[in-house]
Structures are given as C-alpha cells and as structure tokens.
Amino acid sequence: ASYLGGQEEEYDVFKHSGSRLMAGTSAAWNAMMSIADGGLSSNNDYEDIQEYLNVADICDYMIMNHYAGNTDWPGHNWYAARNRVSPGDGFQFFVWDQDNW
C-alpha cells in the first residue's frame, strides 16, 4: 500500500510456495486462476482475465526474470498483490530474493 496507494487492508496478497494467501481474500485469485486454467484462446478469455491480472505488469515481470537469468524461480521467490477496492487494478507480481548463479 505504501508504494501502490490505498490502505493495507484493501489488498489481497499472495506469496510463492503454493500461492499462499498472506492478506485479504482469495476470491479474485481463484477466479483469475480458473480463467487461466481454462485457457486464453479467445478475446473474451483475454478480456476476462484482465479484470484480475495487470497484463502489462506480468509481461514486465516475466521479461525481467528471464533477462536477468533468475535461477531461483518460478516456483518461489515472488509476491502478488491486488487492491480489491480499486476496480480494474489487477494482480501485480513482485520479485523477492532473486538469484542467478
């Protein structure tokens, strides 16, 4: 909240290790994962997931991890957060403890 705005209690926060809920609720996360698991082969699917996922942010996150050669990823060392009070704010992903050997 100190970086993205709003109040801490407005955020849904997940941590690596099996997508563990750290704060808030899991409703939006579960809805997003359900859409993703169903595939994103149509424009409607892609539009639906944007309600829950900040697509530009996940692209930046993926590029950074691949470019930097993060060897300690993707199964862990990440956080995801979403302000559930602000409509249209999808989950953003954050690197935590990146390693490359």
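Analyst: A residue is called buried if its relative accessible area is under 20%, exposed if over 50%, and partly exposed in between, for a 1.4 Å probe and protein chains only. By that definition F91, with a relative accessible area of 0%, is buried, and F14 is buried with a value of 2%. The model is predicted, so local features need pLDDT of at least 70 and side-chain atom pairs count only at pLDDT 80 or more, while totals for chains, interfaces and linings use all residues. Residues are numbered from 1 along each chain as its sequence is written, and side-chain values use heavy atoms, leaving out hydrogens and water.

Rings of Phe, Tyr and Trp (its six-membered ring) form a pair if their centres lie within 6.5 Å; planes under 30 degrees apart count as stacked, over 60 as edge-to-face and the rest as tilted. Across the whole structure, 7 aromatic pairs are found. One of them joins F14 and F91: the ring centres are 5.9 Å apart and the planes stand at 70°, so this pair is edge-to-face. It connects distant parts of the chain, 77 residues apart, since F14 belongs to strand β1 (residues 11–15) and F91 to the loop between β3 (78–83) and β4 (92–95). Helices (H or I, at least four residues) and strands (E, at least two) are here DSSP runs, numbered from the N terminus.

W29 and W78 make a stacked pair, with 6.0 Å from centre to centre and 15° between the planes. This pair too links distant parts of the chain: W29 lies in helix α1 (residues 27–38) and W78 in strand β3, 49 residues apart. Both W29 and W78 are buried. Ring pairs unite F14, W29, Y61, W78, F91 and F93 in a cluster.

As for the surroundings, strand β3 also contributes to the lining of the largest pocket, giving the most, with 3 residues. A pocket is an open set of points on a 1 Å grid over the protein atoms alone, where a 1.4 Å probe fits, with protein on both sides within 12 Å along at least five of seven lines; lining residues have an atom within 4 Å of a point. Among the lining residues are Y3, Y11, Y79 and F94.

Finally, N70 is situated in the loop between α3 (55–68) and β3, and N70 is buried at 8% relative accessibility.
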